[in-house]
Amino acid sequence: ISDNGDPALTVTLVRTIRIVDINDNQPYLTQTTFDTLEEQNFGSPFIMLRDFFADMDDGSNGELGKFVQLNGTDLVEIDQDTGEIRTANPFDREEIGSYIKVQVQIFDNGLNSTLNSTETIVIHLLDKNDNSP
């Protein structure tokens with residue numbers, strides 16, 4: 001900045017502008033359709049899925065927080081801290097069908113407010129050749 005004096009005097013001003021991310025993005029599934037093939041009758045617990053959610057925000061606003069399993073199936077369970085879906089009990093495809101649906105709600109760690117989303121994950125099961133003809 002200069003003035004109109006004689007001699008002209010100038011001042012230099014340096015400003016730092018800090019841009020802070022707001023929590024404006026919900027957590028989301030990393031794929032729009034999410035099917036995984038798993039073989040039946042594994043021993044408990046066996047990790048079936050991990051790292052299937054993300055959040056586009058920066059810093060703690062983009063960190064994934066709590067995972068909650070919403071449906072009442074006792075075949076799988078979700079770790080509330082890591083989001084890993086694992087078997088809760090051994091199962092047989094002939095008894096339960098060809099897939100398991102798990103409804104999951106995920107919360108982010110937003111600073112001023114938390115956002116969440118609810119998604120359904122389909123786990124397709126391979127049939128093990130465990131029955132005689």
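## Overall picture

The protein exposes about 8,900 Å², and carbon and sulfur atoms supply 47% of that area. Areas come from the Shrake-Rupley method with a 1.4 Å probe, and for residues only the protein chains shown count as cover. This is a predicted model, in which local features need pLDDT of at least 70 and side-chain atom pairs count only at pLDDT 80 or more, while totals for chains, interfaces and linings use all residues. Residues are numbered from 1 along each chain as its sequence is written, and side-chain values use heavy atoms, with hydrogens and water left out.

Helices (H or I, at least four residues) and strands (E, at least two) are DSSP runs, numbered from the N terminus. The order along the sequence is β-β-β-β-β-β-β-α-β-β. Of the 133 residues, 32% are buried. Buried means under 20% relative accessible area, exposed means over 50%, and partly exposed lies in between (1.4 Å probe, protein chains only). Take the contacts with a separation of 6 or more: residues 24 or more positions apart account for 66% of them. A contact here means heavy atoms within 4.5 Å.

## Nonpolar core

The largest nonpolar core has 18 residues. Such a core is a set of buried Ala, Val, Leu, Ile, Met, Phe, Trp, Tyr and Cys residues joined through side-chain atoms within 4.5 Å. F52, I85, I100, V104, I121 and I123 have the most contacts inside this core. β8 gives the most, with four residues.

## Aromatic rings

There are three aromatic pairs. Rings of Phe, Tyr and Trp (its six-membered ring) pair if their centres lie within 6.5 Å; planes under 30 degrees apart count as stacked, over 60 as edge-to-face and the rest as tilted. F53 and F67 form an edge-to-face pair, with 6.1 Å from centre to centre and 65° between the planes. F53 lies in strand β4 and F67 in strand β5 (residues 64–69), so this pair ties together parts that are 14 residues apart in sequence. Both F53 and F67 are buried. Ring pairs also bring in F52, giving a cluster of F52, F53 and F67.

## Salt bridges

The model holds four salt bridges. The criterion is a side-chain nitrogen of Lys or Arg within 4 Å of a carboxyl oxygen of Asp or Glu. R50 pairs with E84, and their closest N and O atoms are 3.0 Å apart. R50 sits in the loop between β3 (47–49) and β4 (53–54), and E84 in the loop between β6 (76–78) and β7 (85–87), so the bridge ties together parts that are 34 residues apart in sequence. R50 is partly exposed at 45% relative accessibility. E84 is buried at 17%.

R86 takes part in two of the bridges described here. One joins R86 to E77, at 3.4 Å from N to O. The other joins R86 to D79, also at 3.4 Å from N to O. E77 is partly exposed at 35% relative accessibility. R86 is buried at 17%, and D79 is buried as well. Salt bridges link R50, E77, D79, E84 and R86 into a network.

## S117 and its surroundings

S117 lies in strand β9 (residues 116–126). S117 is buried, with a relative accessible area of 8%. The side chain of S117 comes to 2.7 Å from the backbone oxygen of P27. A polar contact is a pair of N or O atoms within 3.5 Å; within protein, one must be able to donate a hydrogen and the other to accept it, and residues adjacent in sequence count only if both atoms are side-chain atoms. Apart from neighbours within four places in sequence, S117 touches Q26, P27, Y28, F53, V104, Q105 and I106.

## Backbone features

Most residues other than glycine have a negative phi, and most peptide bonds are trans. D51 is not a glycine, yet has a positive phi of about 55°. D51 lies in the loop between β3 and β4. D51 is exposed, with a relative accessible area of 64%.

The peptide bond between D6 and P7 is cis, with omega about 0°. P7 belongs to the segment before β1 (28–29).
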